[in-house]
Amino acid sequence: MKFIRISVNESKALLTRVCESHYKHQYDYEDIATIVQWLELHDLDGVRTLLDEINKPLQKNNTLTKHKKESKQRLILSDNSQNILHKIRIFSDLTLAKCHEDGLCFTTINNIAHQQTILVNLKNVSVRGYHATAWWIETEQKHLHIAKIAPNQDYPIYKTIKLNKYAVNLQPYLNLIYSKNDIQSLKSYTNEHEIQGESIIQKVNTHDFNERLFQKINDGLEIKFDHYQQLTKIADLILVEASEKSRQGAGE
Amino acid sequence: MGSLNHQLEAKDIGLRTPEVVMDLKRLGSFYPYKLSFMRKLIRKVMTEKWDISLTLFNLDKDGFGEAVYEIKTPLNNFHFVVFANFLDPELRSDRVIAEAWDMTVTLRQGVFNPKDLIFLKENVPLQEKGRMTSNSVVLSRANKSSRNFDYVINELSSGKQPCIKKINEVGYLYRTTAVYGSGKFGMADWDKVKTSYADFSEPFSAEMFSCFLIRQFSLDQADHIAHQRNPKTAVKLNESIKRYIGIGNATGLGMAPFLIKHPLLINNWIETRERVLAKVLNDTSPDKNKLATFLLLVSRAIIHLNQITTSNLTQKEININVSDDLNLIASYVTEQQDKIKKWQQVTQYVAENFSIEAQELINTVLIEIYPEEALLFEKNQEIKEIYDLIPEMKLSKLKTIIQNQYQWALKYNFKSENADAIFWYRSEEKMEPRLGERNIDKGADKEMLIGIARSIEQCYSTIQNLSPELKINNVAEFIFAHPEYRQIIRRIQTMSKTTYGEIQANLNDKDVLPIHLLRCKLSFFGVGKFDPKSRLWVRNTMFQGAPIVSDISNEYKDEWFFPVMPNIESSKGNEIH
C-alpha cells in the first residue's frame, strides 16, 4: 500500500480545507479539522473517520439532533448515526455548560457513530478543572471503550475491553459524565470489567499519547496515498478558477 | 487575565488604546523597529558569532551550479544549499505562480553528505512540486534583478566598483518571491523547529536567516562571475557596497490572511511594540545626548526616505510628506530642547500636527534610542494559539463583550452594497488568496472567512433577534441552535482577554486596502523601502545595511537602522583578486 509522508502543519492545512469544503461555514470547520487531526496524530483513524463521514449525506443544521431532553444533571440527545464530527463538540459543550451549572452532567447520545471522536473533547473538560468519563460499546466487536480524565491533564486514560457478554441489539450510544468532583461509583463501574476478568485489549495512557504525537511532530504523518488523493480532491473544491484579474494580486 | 483587568493594566502602563493602534491605516504606517525579526536575528548571529562557511562552491563561469554553506551555531549544525540555474529571461516572473527561478534554496539541519545533494537537486528547484525531508527547515527561491545584476558584474569584471546611486535605485541583486517554512512540503514542523532547532525558536527566524544567506550568495556569486569573466581586471565588490545591497522581496495578498487568522500572535507582536514604546515614554527623560541622538536618527530617516526609489505616486508623496514632517519635527525639537522634559511632549506635538506615518516613524526612532529598554522585551513570549470555546458563558455576557470590545465591528452597515462589496477567495493557482468583487467575479460561494467585522455583526444580530421562547441561556445552547457561529464566538471570547489582535477594519469594504496588512506584517519582519505596485502587492528590501557574513567575527554595532547610501567613490576598485 502506498503512503505519503506529510508534516503536521500540512495535515492541518489540508484537513482545514477539506472541512471547509465539506461543512462550509455552517459549522466550525476549523475545529472539526482539529478533531480529525488530533485523532490522526494519535493513531485513532482521524482521516478514515472523516472520509467515512464525508461519504454519507450531511445532516442539515435544523436536524442537528432528533431530540434533546433535559432535566437537572441529565441530558439525552439522539443522533441519527450518520455524522458526528460536526456535532460532537456541540454535544460536549452542552454537557460542559450543564456541568458548570449543576456540578455534574450525565449525557447520553443515542444512535451515534464514531464515538472515539469524543476523546479530543475530554482535554477541554479537564483544562476547565472538571473530571470526565466517556464510555460506549462497539457492538460488532463486543468492545467496551472507556476514557477517563482528571482535571488539568493533557490526555485521558483510554481502555478498550473485550466483553464476555453484553445485551444484544444494542443501539450505538455514547455516555458522558462531566463532574466537578470525582465520582467513586463511576470509578467502580468502569473498573468492574477488569475485576470480572474481561480482557483489556488496549490501554492508552498519557505517555502513549505523547509518544504518538512526538513521533508525528518529528517525522510527520504517513497517510495512505489514496486517502490523501481523496482529501486533496475535496479540498480543491474551495479553490476558484484563476483569471488575469485574479493574478493582479500575485505580483507583476 | 480577565478582559477588564487587562484593560486596566494597559491603561495603567500607558499603552495606547486598540482603537488607535489597530486602525488599518496606522498598522500600514508601521516601520521596522529594534525588535523586528531581522534585527533580532542579526543580533543573535553576531553576538553568538555563528560560524558560516562555504563548503561547496561548484559554479560554472556564468555562476550556474550548486553551493553549500555550513552554519555552526552554539546549539546545532545547519546547511544552506543553493541551486543556481539558467533561467530564460522570458520565464522570469515575481509571481508566486511562476514555475522556474534563477536561484532555489533550502536550509536544513544535520550532517550533509553527497547523496543529500542528489535528492535536493531533484526536489529543491521544483519548489512547491517537490517534497522535502523532515530535517529541512526552509524552502525558498529568488530571481535576479536584471537591472542591477548584469550592471554590477560588468563593472566588477572591468575593474570598477558599481555606482552606489545605481545600486540604490533597486537596492538588491536578487529578490525572493516566496519563503516557505513551518512544515510546508514535508519540512520540519514549527513545533519541531522551536524545540529541536532552538536557534530558530523565534517566529520566522529561520525564514529570515535564509533570506540573509540568499543575499550572501548573491554577493558571492557576483564576485565569482566577475572574476570568471575577466580574471585579470576583475575586482571584488566593495564591502560597504555589499552591506548596502539587500535582498529584494515581492509580497502579495498571500500574506494578508495570516494577520486575520492568527490574532493571538498578532496581539503579541503589537503588544510587545506598544509596551516598549510605553516604557520609553514613561520611564525615560530626554537629556542632551538623547536629544542629539534623536535628531541624528531623524535626519538619517529623512535621508533614507529621500533615497527610496518608487514609481508609486502615493508612496512617493507619502515619503516626501513624511520627510517634510520630520524636518519640521526636528526644527521643533531643536528649538524647544531646553523645554522638553518628557518625550510625551514630542509625541503629543507630533500627534497633533503631523501624519500617522510621521507619528509611527517618530515612535520607531524613540524606541531605537533606548536599546536597553527595548531589549528587555527581546525574548519572545511563546504564544499558544488556542481559541477554546467557553460554553457556559451566559449569552448576556457575550453580548456585553461584543458591545464593549467589538463596537468597531458593529458600526458597519453590511446591508449597504459597498460594505460587503469585496470577497476573499483562494485561487486554484497555488491556493493563493485573492480579492473578488461580489456580483461581478466568480467565487463568492467559496469565500474565505476573512471578514471578521461582518461575522461579528451577523452573530450579534442573531443574538439580538433570538426569540425569548427558545429560552437560550448560555453560549452552548446558542451554538446548539446556531452552529455557524461557534468559530467566531471562540474568537470573541479569546480575544476579549487581549488588548490588541483584532484589526479594526472591514475587510469586505469596496475600498479596502490590503496593502496596509502587508506592510504591517513586513514591518514586524524588519522589511523596509516599501515600493507598492498596486493596492494588492508591494516590493520591499530586506537586510539593506545589515552586516555580511565576513563581519561576523567583528565587533557588532546594532545600527543598521534606516540604511542610507554609503559614501563611496564608484570608480575605485579597492579589493583586487
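Mentor: Let's begin with a term we will need for the sheet: two strands are said to pair if DSSP finds at least two bridges between them. Please also keep in mind throughout that this is a predicted model.

Trainee: Okay, so which strands form the open sheet in chain B, and in what order?

Mentor: Nine strands of chain B make up an open sheet in the order β1-β2-β3-β4-β5-β6-β7-β11-β10, and their pairing is mixed. The edge strands, which pair on one side only, are β1 (51-59) and β10 (528-532) of chain B. If you ignore direction, neighbouring strands of this sheet are turned by 25° against each other on average.

Trainee: What holds strands of a sheet together, in general?

Mentor: Strands pair through backbone hydrogen bonds, and they can do so in either a parallel or an antiparallel way.

Trainee: And how many bridges are there between β1(B) and β2(B)?

Mentor: There are eight bridges between β1(B) and strand β2 (residues 65-72) of chain B, and the two pair in the antiparallel sense. B:Asp51, for instance, has B:Lys72 in β2(B) as its bridge partner. The hairpin of these two strands has five residues between them, and in this hairpin B:Gly63 takes a positive phi near 85°.

Trainee: What about β3(B) and β4(B), parallel or antiparallel?

Mentor: Strand β3 (residues 77-84) and strand β4 (residues 103-109) of chain B are antiparallel, with seven bridges between them, and B:Val82 stands opposite B:Val105 in β4(B).

Trainee: Which strands does helix α23 of chain B lie across?

Mentor: Helix α23 (residues 514-525) of chain B lies across β7 (246-251), β10 and β11 (538-542) of chain B, and it runs at about 5° to β11(B).

Trainee: Changing topic: how many residues are in the largest nonpolar core?

Mentor: The largest nonpolar core has 135 residues, and those with the most contacts inside it include B:Phe80, B:Val82, B:Met103 and B:Ala222. Helix α9 (residues 205-229) of chain B provides the largest share of this core, namely 12 residues. A second, separate core of 85 residues includes A:Ile118 and A:Ile223 along with B:Ile390 and B:Tyr460.

Trainee: Which residues does B:Ala222 touch?

Mentor: Not counting residues up to four places away in sequence, B:Ala222 touches B:Val152, B:Ile153, B:Leu156, B:Leu173 and B:Leu237.

Trainee: Let's follow B:Leu156, then. Is that one buried or exposed?

Mentor: B:Leu156, which lies in helix α6 (residues 146-157) of chain B, is buried because 27 other C-beta atoms lie within 10 Å, while the cut-off for buried is 20 or more. Beyond its neighbours within four places in sequence, B:Leu156 is in contact with B:Ala222, B:Ala226, B:Ala234, B:Val235 and B:Leu237.

Trainee: Now the other chain: how many helices and strands does chain A have?

Mentor: Chain A has eight helices and 11 strands, and buried residues make up 44% of its 252 residues.

Trainee: Where is A:Thr117 found?

Mentor: A:Thr117 is found in the loop between β4 (104-110) and α5 (119-127) of chain A, and it counts as buried because it has 28 C-beta neighbours inside 10 Å. A:Thr49 is 68 residues away along the chain, yet the C-alpha atoms of the two are separated by 8.8 Å. Among the contacts of A:Thr117, leaving aside neighbours within four places in sequence, are A:Thr49, A:Ile35 and A:Leu39.

Trainee: How many residues does each chain bring to the contact between them?

Mentor: Chain A brings 39 residues and chain B brings 48 residues. On the side of chain A that touches chain B, α4(A) gives the most, with seven residues, and the residues of that side divide into 14 nonpolar, 13 polar and 12 charged. Two bridges also join β11(A) to strand β8 (residues 422-427) of chain B, and these strands run parallel. A:Leu239 has B:Arg426 as its bridge partner in β8(B).

Trainee: Last one: where is the pLDDT of chain B below 50?

Mentor: Chain B has a mean pLDDT of 93, with 97% of its residues at 70 or more, but over residues 570-577 of chain B the pLDDT is below 50. Where pLDDT is low, the predicted coordinates should not be read in detail. For the complex, the predictor gives an ipTM of 0.94 and a pTM of 0.92.

How values were computed
Residues numbered from 1 in each chain as written. Chains lettered and ligands numbered in written order. Predicted model: local features only at pLDDT ≥ 70, side-chain atom pairs only at ≥ 80, totals over all residues. Helix = DSSP H or I, 4+ residues; strand = E, 2+ residues; numbered from the N terminus. Buried ≥ 20, exposed ≤ 12 C-beta atoms within 10 Å, placed from the backbone. pLDDT = per-residue confidence, 0-100. Contact = placed C-beta atoms within 7 Å. Nonpolar A, V, L, I, M, F, W, Y, C, P; charged D, E, K, R; others polar. Axes fitted to C-alpha atoms, helices over the stretch in contact; angles between N-to-C directions. Core = buried A, V, L, I, M, F, W, Y, C linked by C-beta atoms within 7 Å.
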